[in-house]
Amino acid sequence: MNWIGDFNNIVGQPESQTLEYKAVLPPSRNVAQILCSFANTEGGFLILGVTDDLKISGLSEDFHANTITHKALDLLTPRPNIEYQYVNIKNKKLYAIKVDKSDSIVSVEGKAYIRKGDRTQLVDPITVNFNTGGYERIKLINSHLEELKKNATYAKISFIEHYQSILKIVDDLGDILYPESPENATTNQEGKILSRILFSSVVDNFETYLSDLLYEIFLAYPETLKSQQTVTIEEVLNCSDLQDFIKFWAKQKIGKLQKGSVRGFIKDTKQISDLQVLDKKEQNKIENILQIRHLYAHRNGIVDEKFLQFFTGEFTIGTEHQMSINKIFEKFDYLSAVVDRIDISAINKYKLSQSN
């Protein structure tokens, strides 16, 4: 690999169309997108173990970057010419991936990426157009979500894009979701069912965000994965490799949250509790949102005794719980704000890779 001889001259140059740094290991899908963009432009280098401000931090030796690279290459079609290896610079271990320009368009799961300056961009991104004369708040929320995508983890980007897809559904089906006005709960039976499905979908995706974020933290700092908790041999063997096991373990940590115990989840998940983002009042507010999701998903919105434990004196057993689109958006926006604060804190504490 002749390019390794010139590596000292590469490290320290600012990011550009042909050079990108990541301080820690990103997920394989995101590595694939960066490699794809280089192959479709002028080629380039992805260097792991260097921060955005050009500080050589080094890459943890607990996990092998080769595993992530191999998974990334499996996602590329056709596979471009790529070389990769560990390199020692200033007594720090870095990981370098060199990508040659491809003669044909390379894609990741059917999507092609290119480099624009020091950014990786999707070719022909889908533009969402909202209905003219529709509910104006939908457009305002969407614009705010676009702003939240900046300097975000890959987990947060996924959460936001899911919320944006829900906005489009609400915009297209306003006649059954808010036939009278967004301030009034729909009386349309199909609208009621769809409202519950959409609400449950976004709340489920909030849990997915936390699982994905833990996965990124574990990749970046594998030492945070170490604990006294045990796993079975079967659980280990069911994972194809270490990366799959990390993803499995991140999802396992969400168990208490799925049962509605936000406080239990935070207490048992040091990676989140150490961020010190959510106080008890906010934890209770999230727990109430999860209980509404549980009621919609498992009781068709019919209030039961368990639900009243969280909403004392507010409802009657056997009645139907409903929310207007405005109320639903209020809870979605609250979860988005929580995700934003968690994300910023996690990026700062764990130096996580950010989507660009």
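Me: Which residues lie nearest the centre of the second largest cavity, and how many residues line it?

Reply: In this predicted model, ten residues line the second largest cavity, and Phe-206, Leu-210, Phe-265, Ile-266 and Leu-278 lie nearest its centre. H7 and helix H11 (262–268) are the elements that give two or more residues to this lining. H11 supplies the largest share, three residues.

Me: What makes the lining of the second largest cavity nonpolar?

Reply: The lining divides into ten nonpolar, no polar and no charged residues. Phe, Leu and Ile count as nonpolar, and the residues nearest the centre, Phe-206, Leu-210, Phe-265, Ile-266 and Leu-278, are of these kinds. The volume of this cavity is about 50 Å³.

Me: How many cavities does the count give, and what is the space in the largest cavity?

Reply: The count comes to four cavities of 30 Å³ or more. The largest cavity holds about 80 Å³ of space.

Me: How is the lining of the largest cavity divided by class?

Reply: The lining has four nonpolar, four polar and two charged residues. Among the residues of the lining are Lys-192 and Arg-196; Lys and Arg count as charged. Ala-185, Tyr-296, Met-323 and Ile-328 also belong to this lining, and Ala, Tyr, Met and Ile count as nonpolar. Helix H7 (residues 189–220) gives the largest share, three residues.

Me: Which residues lie nearest the centre of the second largest pocket, and what is the volume of this pocket?

Reply: The second largest pocket has a volume of about 360 Å³. Of its 20 lining residues, Thr-51, Asp-52, Leu-352, Ser-353 and Gln-354 lie nearest its centre. Strand E1 (19–22) and helix H15 (325–350) are the elements that give two or more residues to the lining, and E1 gives the most, with three. By class, the lining comprises five nonpolar, seven polar and eight charged residues.

Me: Why does Leu-54 count as partly exposed?

Reply: Leu-54 has a relative accessibility of 32%. Buried means under 20% and exposed means over 50%; the value of 32% lies in between, so Leu-54 counts as partly exposed. Leu-54 is found in the loop between strand E2 (44–48) and helix H3 (65–74). Its phi is positive, about 70°, although Leu-54 is not a glycine.

Me: Why does Gln-276 count as exposed?

Reply: The relative accessibility of Gln-276 is 73%. Exposed means over 50%, and therefore Gln-276 at 73% counts as exposed. Gln-276 is situated in the loop between helix H12 (270–273) and helix H13 (280–299). Although not a glycine, Gln-276 has a positive phi of about 55°.

Me: How do you know that strands E4 and E5 pair, and how do they run?

Reply: Eight bridges join strand E4 (residues 82–89) to strand E5 (residues 92–99). E4 and E5 form a hairpin with two residues between them, and Lys-90 in the turn has a positive phi of about 55°.

Me: Which peptide bond is cis, and what is its omega?

Reply: The peptide bond from Thr-77 to Pro-78 is cis, with omega near -15°. Pro-78 lies in the loop between strand E3 (76–77) and E4.

Technical notes:
Residues are numbered from 1 along each chain as its sequence is written. This is a predicted model: local features need pLDDT of at least 70, side-chain atom pairs count only at pLDDT 80 or more; totals for chains, interfaces and linings use all residues. Side-chain values use heavy atoms; hydrogens and water are left out. Two strands pair if DSSP finds at least two bridges between them. Helices (H or I, at least four residues) and strands (E, at least two) are DSSP runs, numbered from the N terminus. Buried means under 20% relative accessible area, exposed over 50%, partly exposed in between (1.4 Å probe, protein chains only). On a 1 Å grid over the protein atoms alone, a cavity is a set of points where a 1.4 Å probe fits but cannot get out, and a pocket is an open set with protein on both sides within 12 Å along at least five of seven lines; lining residues have an atom within 4 Å of a point. Grid points are joined across faces, edges and corners, and a volume is the space filled by probe spheres set on the points.
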